[in-house]
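Reader: I would like to go through this model feature by feature. Please give the general idea each time, and then the case at hand.

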Amino acid sequence: MPRVHQNATTAGLAAEIGADLRGDGDIAITGVSTLEGAGPGDLTFFASRRYRQQLEATEAAAVILPADAAEACAAAALVVANPYAAWARALAYLFPPPELE
């Protein structure tokens, strides 16, 4: 999976995307993945109840999700009202476009 282009922690990412962090703020985010494919250091997101089992089993370092799903998340939870919009903001922060000369 893709590796991030910035040094990011769960606390820094929460501040950047306007999320309420529930869990360890010092976890390094080193990549992004799906709920099912995520491993240590990976950020993922949850927005649909049909993926609840994957949320409960994910090995991600952090998950962007709505408040009503936070209790099912063993990873650091980045709680937001709109997981899709927060995911887009997180990707823009983690993978900034290259600077043009």
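Author: A69 is buried, with a relative accessible area of 1%; buried means under 20% relative accessible area, exposed over 50%, and partly exposed in between, with a 1.4 Å probe and protein chains only. The model is predicted, so local features need pLDDT of at least 70, side-chain atom pairs count only at pLDDT 80 or more, and totals for chains, interfaces and linings use all residues. Residues are numbered from 1 along each chain as its sequence is written, and side-chain values use heavy atoms, with hydrogens and water left out.

Reader: Where does A69 lie, and which residues does A69 touch?

Author: Elements come from DSSP runs: helices are H or I of at least four residues, strands are E of at least two, and both are numbered from the N terminus. A69 lies in the loop between strand 5 and strand 6. Contact means heavy atoms within 4.5 Å. Not counting residues up to four places away in sequence, A69 touches F46, R52 and L55. A69 and Q53 are 16 residues apart in sequence, and their C-alpha atoms are 11 Å apart in space.

Reader: Is D68 buried, exposed or partly exposed, and what does the side chain of D68 make with the side chain of R49?

Author: D68 is partly exposed, with a relative accessible area of 46%. D68 is placed in the loop between strand 5 and strand 6 (76-79). A polar contact is a pair of N or O atoms within 3.5 Å; within protein, one must be able to donate a hydrogen and the other to accept it, and residues adjacent in sequence count only if both atoms are side-chain atoms. The side chains of D68 and R49 make such a polar contact, at 3.4 Å. Beyond four places in sequence, D68 touches R49 and R52.

Reader: Now T58: buried or exposed?

Author: T58 is buried, at a relative accessible area of 12%, in the loop between helix 2 (52-57) and strand 5 (62-65). A polar atom of the T58 side chain lies 2.8 Å from the backbone oxygen of L35. Leaving aside neighbours within four places in sequence, T58 is in contact with L35, A38, T44 and V63.

Reader: How should I read a nonpolar core, and which residues touch the most other members of the largest one?

Author: In soluble globular proteins, nonpolar side chains tend to be buried together. A nonpolar core is a set of buried Ala, Val, Leu, Ile, Met, Phe, Trp, Tyr and Cys residues joined through side-chain atoms within 4.5 Å. The largest one here has 19 residues, of which L13, I17, I29, L43, I64, L78 and L94 touch the most other members. Helix 1 (10-17), strand 3 (28-32), strand 5, strand 6 and helix 3 each give two or more residues to this core. Helix 3 provides the largest share, five residues. Apart from this core lies another, of 14 residues, among them L35, V63, A70 and A75.

Reader: Which residues is A90 in contact with?

Author: A90 lies in helix 3 and is buried, with a relative accessible area of 0%. Setting aside neighbours within four places in sequence, A90 is in contact with L13, I17, L43 and I64.

Reader: What lines the largest pocket?

Author: On a 1 Å grid over the protein atoms alone, a pocket is an open set of points with protein on both sides within 12 Å along at least five of seven lines, and lining residues have an atom within 4 Å of a point. The lining here is S33, T34, L35, T44, F45, F46, A47, S48, Y51, Y84 and W87. Strand 4 (42-45) and helix 3 (83-94) each supply at least two of the lining residues.

Reader: Where does A47 lie, and is A47 buried or partly exposed?

Author: A47 lies in the loop between strand 4 and helix 2, and is partly exposed, with a relative accessible area of 32%. A47 touches P83 and Y84, residues up to four places away in sequence not being counted. The C-alpha atoms of A47 and P83 are separated by 5.9 Å, with the two residues 36 apart along the chain.

How values were computed
On a 1 Å grid over the protein atoms alone, a cavity is a set of points where a 1.4 Å probe fits but cannot get out, and a pocket is an open set with protein on both sides within 12 Å along at least five of seven lines; lining residues have an atom within 4 Å of a point.
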